[in-house]
Amino acid sequence: MIDSSFLLAFEPICSSNILKMVLYTESLSTPPRATCFDDGSYTVEKKTIPKSSNSDTPNPPLYIVYPTEKGTFPVILFLHGFSIPNTCYCDLFEFIASHGYIIVAPGQTLFELLKGLCAFSAVGDVDNAAEAANWINKNQGENLRLVLPNDVSPDLENVALAGHSKGGKAAFALALGHANTSLKFKALIGLDPVAGRDTSNRLEPKILNYIPQNFKISMPIALIGTGLGDDGCCGCFPPATPWGCNHPFFFNECKPPVCYFVAKDFGHMDMVDEWLIKLSSMFVCKTGKGSYADMRRACGGIFVAFLKTYMFDDAEDLTAIVDSPGTFAPIKLDPVLWLQS
C-alpha cells in the first residue's frame, strides 16, 4: 500500500530550491464549488468503428464516445491497459464526454495482444498509438469527422494524450518521441501507469531512469495513482503496479507543470466498468472497498479540471480540488500536488 514513505521516491523534487511546489492541504476558507465532479451538460453517444477492407482505421476496433450536441470539441486519445478491452472504460468515458470531450480509444487485435505478451514489450503499443494519432490528424481531422455526427467536429488545436496502466506507459513513451506522429498534443494524463514487472524487468521502450525531472516532455502532465495498486491480490498474485514501476516514479521524472493525485483507498482497476472490477478482484488486482462509481467520477473530474486549466485557461475547478480535496472530491485524494513552475 502507498503511504507517506512514497514521498522518498521524489525527495529531490520536494527539496528543490528551483521549483515552486505546492503540497495542498485543507484550506481554512471554502473555495468555489468544483463542478467537474458533476455530470456534464452534454448528451453522449458511443460507437465502435471496425476495420473494413477499404478502411485505414487503426487498431480495430476504435471506440469513440462523443457529445451529440452541435459544436467543436477537444479530443482525448486514450490508450487502454494491458488486455483490457477499450469498451471497458465506458462509464468513465461517458462521464468525461458529457463535459464536452471526444474520446478516441484504439482497440487491440488478439495477435497484437499475444505479441506484446510474448515479447514483454510496449513498443507495438506505442507504434499503434502513433498510428491512431495520425489517423485522427489525417486531412485535418477528416477521418474523425466522417464517423461523428455532421454537426460534431473535433478541435485538433486541443488534443490530449492519456492512458491507463500499460497504456499510460505507452502514452508517456509516445510523448517522449518513441514513435512519430503528426498530431500535436496539448496535455498528457497518466492513469495509474505501469512501466513493467519490476525495476529490472521494465517494458521496452524503457522510459524510467530514476532521475528527477528527466522526462523531456514540454506539455502539462497529470498523474492519477492508486493507493492499493502496489499491493498483491489474495496474497498469491503479484502487484498490478509494482513499486519502482508505478506512479510516484513517473511523477519523479516529470517537469512542471504537473499535477499529481493519489486515490488512496482504491486499486489499479477500480476506474473501469463494474463487471471487470469484480472479475479482476478475484484474480488480478486488490480493489478498494469504496464506491467504484465515485472512483470513476473522481478520475473523470480530474481529467476535466486539468484539461480546462491547460486547454482553456480555466483553473477554477482544479484550484478548488487542490485547495480542498476532502471537500470537493468524491473520494479521498492523498496526496495532492501541483507543481506550477
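The protein chain exposes about 13,900 Å², of which carbon and sulfur atoms supply 53%, with accessible areas taken from the Shrake-Rupley method with a 1.4 Å probe and, for residues, only the protein chains shown counting as cover. The model is predicted, and for that reason local features are required to have pLDDT of at least 70 and side-chain atom pairs are counted only at pLDDT 80 or more, whereas totals for chains, interfaces and linings use all residues. Residues are numbered from 1 along each chain as its sequence is written, and side-chain values use heavy atoms, with hydrogens and water left out.

Of the 341 residues in the protein chain, 56% are buried, where buried means under 20% relative accessible area, exposed over 50%, and partly exposed in between (1.4 Å probe, protein chains only). The chain holds 11 helices and 10 strands, which are DSSP runs numbered from the N terminus (helices H or I, at least four residues; strands E, at least two). When contacts between residues at least 6 apart in sequence are considered, 81% of them join residues at least 24 apart, a contact being heavy atoms within 4.5 Å.

Two packed helices are described by the angle between their axes and the distance between the axes. Helix α2 (residues 90-97) and helix α9 (residues 292-312) have axes that come within 9 Å and cross at roughly 40°; the axes are lines fitted to C-alpha atoms, for helices over the stretch in contact, and the angles run from 0 to 180 degrees between N-to-C directions. The two helices α2 and α9 are therefore oblique to each other, since angles under 35 degrees count as roughly parallel, over 145 as roughly antiparallel, 65 to 115 as roughly perpendicular and the rest as oblique. On the α2 side the contact is made by D91, L92, F95 and I96, and on the α9 side by R296, R297, C299, G300, G301 and F303. By class, this contact of α2 with α9 has five nonpolar, two polar and three charged residues, with Ala, Val, Leu, Ile, Met, Phe, Trp, Tyr, Cys and Pro counted as nonpolar, Asp, Glu, Lys and Arg as charged, and the others, Gly among them, as polar.

Helix α2 is mostly covered, with six of its eight residues buried, namely C90, L92, F93, F95, I96 and A97. The cover over these buried residues includes the strands β2 (44-49), β3 (62-67), β4 (71-79), β5 (102-105) and β7 (187-191), together with helix α9. D91, which also lies in helix α2, is partly exposed, with a relative accessible area of 34%. Leaving aside neighbours within four places in sequence, D91 is in contact with D273 and R296, and the C-alpha atoms of D91 and G300 are separated by 9.5 Å although these residues are 209 residues apart along the chain.

K138 is found in the loop between α4 and α5 (142-147) and, at 39% relative accessibility, counts as partly exposed. Not counting residues up to four places away in sequence, K138 touches D56 and N143, while K138 and L183, 45 residues apart in sequence, are 8.7 Å apart in space, C-alpha to C-alpha.

Several loops carry backbone features of note. A cis peptide bond with omega of about -5° joins E204 and P205, and P205 is placed in the loop between β7 and β8 (221-226). Another cis peptide bond, with omega of about 5°, joins P256 and P257, where P257 lies in the loop between α7 (247-252) and β9 (258-263).
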